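Good morning, and thank you for making time for this item. I would ask you to keep the sequence and the structure in view while I speak.

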Amino acid sequence: MKKQFSILLFFALSSLLSNAQTQPKTVGPEKGALVIVGGGSMAPELWSRFVELAGGPANANIVIVPTAGEDSSATKAPRETERLQSLGVKNITILHTRDPKVANQESFVAPLKKATGVWFVGGRHWRLTDSYLNTLAHKEFNAVLSRGGVIGGTSAGATIQGSFMVRGDTKGNSIMIGDHTEGLDFIHNVTIDQHVLRRNRQFDLIDVIKARPELLGVGIDEGTAIVVQKNTFEVMGASYVAVYTADQIANNAKYPSGQNSTGGPFFFLGKGQKFDLQTRKVLNQQPSRPNEPAK
């Protein structure tokens, strides 16, 4: 009986180790960069970083994609145009369609072939997948990265950059796992939420990660961004980024994120902190504060 139990235990442990070794890891772009903003007002430093990664004001060639917005706003010149122009960017193109057949045409994607940067405007991210997922335009978005360019976006333009989309249901954005879940996958095995603290969403990704434990969850607050280069992201902006992993949720491990921590299902990172996407570890933890007496 003991021998049979030992054999069963051996196979169970072997299976667990095998699953751990084969579990897909989060992977960023091999070349280029992503600027992923959690919505709200963007500080000049975020725009400046995007333009810098696109080659600087003199060399940047930016394509703005307003497709996530309502029809009334998507057909107008977005406000992002003025912001980029104020930073000295002269080469700006608006690219928009609701028809994936159009997105498959060479004439439509021509501006992307010269682009050094792409910016996805906010709205509803399922509109972006309906128009561009697995089209020639999608291929050219990836080509911008392959040439060393940058892809950025805010709110819906942030979530679209992950592989798994939350809040992508056509019935409403309060549904976390809905009828549209496939993102443009510029960063693999990750799901991205936005407006996290501003809209009291910080607990919403927990059940998503429980259902999809292979994913890394990243929740970005307003006015805040992560800049992804290869397998590392750095936090920029005024607020915080929440990080969710299956291990953290299951164990509620103690995790210092700038002050004393007693553990929880997620943890926050602040401006200047960096995170390794493959090991899912903080690269530069802030020192814990000493215990302070009650006043």
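In this predicted model, helix α6, residues 106-114, and helix α8, residues 136-146, have axes that come within 9 Å and cross at roughly 10°. Because the limit for a roughly parallel pair is an angle under 35 degrees, α6 and α8 are described as roughly parallel to each other. On the α6 side, the residues that meet α8 are Glu-106, Phe-108, Val-109, Leu-112 and Lys-113. Their counterparts in α8 are Leu-136, Ala-137, Glu-140, Phe-141 and Val-144. By class, this contact of α6 with α8 comprises 7 nonpolar residues, no polar ones and 3 charged ones.

Let me stay with α8. How many of its 11 residues are buried? The count is 8, and α8 is thus mostly covered. The buried positions in α8 are Leu-136, Ala-137, His-138, Glu-140, Phe-141, Ala-143, Val-144 and Leu-145. Leu-136, Ala-137, Glu-140, Phe-141 and Val-144 are buried, and these residues of α8 also take part in the meeting with α6. At the start of α8, a side-chain oxygen of Thr-135 reaches to within 3.3 Å of the backbone nitrogen of Ala-137. Just after α8, Gly-148 adopts a positive phi of about 90°.

I turn now to another helix pair. Helix α2, residues 44-53, packs against helix α4, residues 79-86, at an angle of about 75°, and their axes are 10 Å apart. Because the range for a roughly perpendicular pair is 65 to 115 degrees, α2 and α4 are taken as roughly perpendicular to each other. Which residues make the contact? From α2 they are Trp-47, Phe-50 and Val-51, and from α4 they are Glu-80, Arg-83 and Leu-84. This contact of α2 with α4 consists of 4 nonpolar, no polar and 2 charged residues.

Within α2, the buried residues are Leu-46, Trp-47, Arg-49, Phe-50, Val-51 and Leu-53. Just after α2, Gly-55 has a positive phi of about 115°.

The next region is the loop between β7, residues 187-194, and α10, residues 205-211, where His-195 is placed. Is His-195 buried or exposed? Its relative accessibility is 5%, and because buried means under 20%, His-195 counts as buried. The side chain of His-195 makes a polar contact, at 2.7 Å, with the side chain of Glu-222. Setting aside residues up to four places away in sequence, His-195 touches Gly-38, Gly-39, Gly-40, Ser-155, Asn-200, Arg-201, Ile-220, Asp-221 and Glu-222.

Arg-199 also lies in the loop between β7 and α10. With a relative accessible area of 43%, Arg-199 is partly exposed, whereas His-195 is buried.

A word on backbone geometry. Most residues other than glycine have a negative phi. Asn-189, in strand β7, is not a glycine and yet has a positive phi of about 60°. Lys-230 is likewise not a glycine and has a positive phi of about 55°. Lys-230 is found in the loop between β9, residues 224-229, and β10, residues 232-237. Its relative accessibility is 56%, and Lys-230 therefore counts as exposed.

One further residue is Asn-61, which lies in strand β2, residues 61-65. Asn-61 counts as buried, at 17% relative accessibility. Apart from neighbours within four places in sequence, Asn-61 is in contact with Asn-91, Lys-114, Ala-115, Thr-116 and Gly-117.

Finally, the chain as a whole. The protein chain contains 11 helices and 14 strands. Of its 295 residues, 49% are buried. Among contacts in the chain with a separation of 6 or more, 73% join residues 24 or more positions apart. The accessible surface of the protein chain comes to about 14,400 Å², and carbon and sulfur atoms account for 52% of that surface.

Technical notes
Residues numbered from 1 in each chain as written. Predicted model: local features only at pLDDT ≥ 70, side-chain atom pairs only at ≥ 80, totals over all residues. Heavy atoms only, no water. Helix = DSSP H or I, 4+ residues; strand = E, 2+ residues; numbered from the N terminus. Buried < 20%, exposed > 50% of the residue type's maximum accessible area, 1.4 Å probe, protein only. Polar contact = N/O pair within 3.5 Å; in protein donor to acceptor, adjacent residues only side chain to side chain. Contact = heavy atoms within 4.5 Å. Axes fitted to C-alpha atoms, helices over the stretch in contact; angles between N-to-C directions. Parallel < 35°, antiparallel > 145°, perpendicular 65-115°, else oblique. Nonpolar A, V, L, I, M, F, W, Y, C, P; charged D, E, K, R; others polar. Areas by Shrake-Rupley, 256 points an atom, 1.4 Å probe, with all protein chains shown as cover.
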